[in-house]
Protein chains: 2
Amino acid sequence: MTVVPRLLSASQPPIDGIFRALSDPTRRRVVERLNRSPASVSELAQPFDMALPSFIEHLRVLEGCGLVHSQKTGRIRTYQLAPEPLKLAENWLAEQRALWERRLDQFDDYVLKLKEKDK
Amino acid sequence: MTVVPRLLSASQPPIDGIFRALSDPTRRRVVERLNRSPASVSELAQPFDMALPSFIEHLRVLEGCGLVHSQKTGRIRTYQLAPEPLKLAENWLAEQRALWERRLDQFDDYVLKLKEKDK
DNA sequence: CCAATACTAAGGTTTTTACCTAAGTAACAT
DNA sequence: ATGTTACTTAGGTAAAAACCTTAGTATTGG
């Protein structure tokens, strides 16, 4: 398969963590929010009814898989989206769909005949 | 935001479970395999070095979130892919990218105007 | 009928996740 | 200098996830 330079594959988050991160509604909402603009921890936390340390753990998960970056200036940490991992996940899904659709084309006739038979 | 009819949203698997299911490499490989053709439990399990009951649990997770369907004929249970949930996840990701790109455009405009001003 | 096949059920362990509270530290405003 | 703000650290609980083994139940081929 495709051999990726070690440094790149190490710095690029594995797709496991990306899907894992996106499986939580809180984290997805954070991503949706960061699509609009960068924001601080407390701005991000404000809509959620959750203790701050719990929320911050979500931010850490997002940063851990590379979906966001953060930097601290003074006492404020600002988060911003890093779209590459989203692209990675989207690509995997797109590939599955492409394969599926190719297969559907190949077997269209067969499927149609099966449905005829069902009646 | 978008209001979805209750019946639809209930029968359509929530995106949480889809991303969650896809976060496991075993389950992603099953999806990749099922893209080629339907297959039985043991066919699907064959490439994995894992006790069968453990593997079957993965299949249950996939079916639980709607990513696959199965039917039993005799003693053989056959699994097949159900692409709609994949589409759902892909759509969410695509939307994020669209928003992100729109924001980048806006930023470009902003930068351009700044540069105009400089002159 | 009987053994092999193809799953399935039951139950147990370890790790991870998602939350919490309480108590910090560092920066800023007054 | 002191209180308020903005996070951070530490630690603790409960539920879920990902494995395992052992012991089933149907089907089917000989």
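User: How many salt bridges are there between chain B and chain A?
Analyst: The count is four, a salt bridge being a side-chain nitrogen of Lys or Arg within 4 Å of a carboxyl oxygen of Asp or Glu. This is a predicted model, in which local features need pLDDT of at least 70, side-chain atom pairs count only at pLDDT 80 or more, and totals for chains, interfaces and linings use all residues. Side-chain values use heavy atoms, without hydrogens and water, residues are numbered from 1 along each chain as its sequence is written, and chains are lettered from A and ligands numbered from 1 in the order in which they are written.

User: Which residue forms a salt bridge with Glu90(A)?
Analyst: Arg97(B) does, with the closest N and O atoms 2.8 Å apart.

User: And what area is buried between chain B and chain A?
Analyst: About 2,800 Å² is buried, 60% of it from carbon and sulfur atoms. Buried area is the accessible area (1.4 Å probe) that two parts lose on being put together, summed over both.

User: How far is Ser54(B) from a phosphate oxygen?
Analyst: An N or O atom in the side chain of Ser54(B) is 2.5 Å from a phosphate oxygen of DNA strand D.

Key: Polar contact = N/O pair within 3.5 Å; in protein donor to acceptor, adjacent residues only side chain to side chain.
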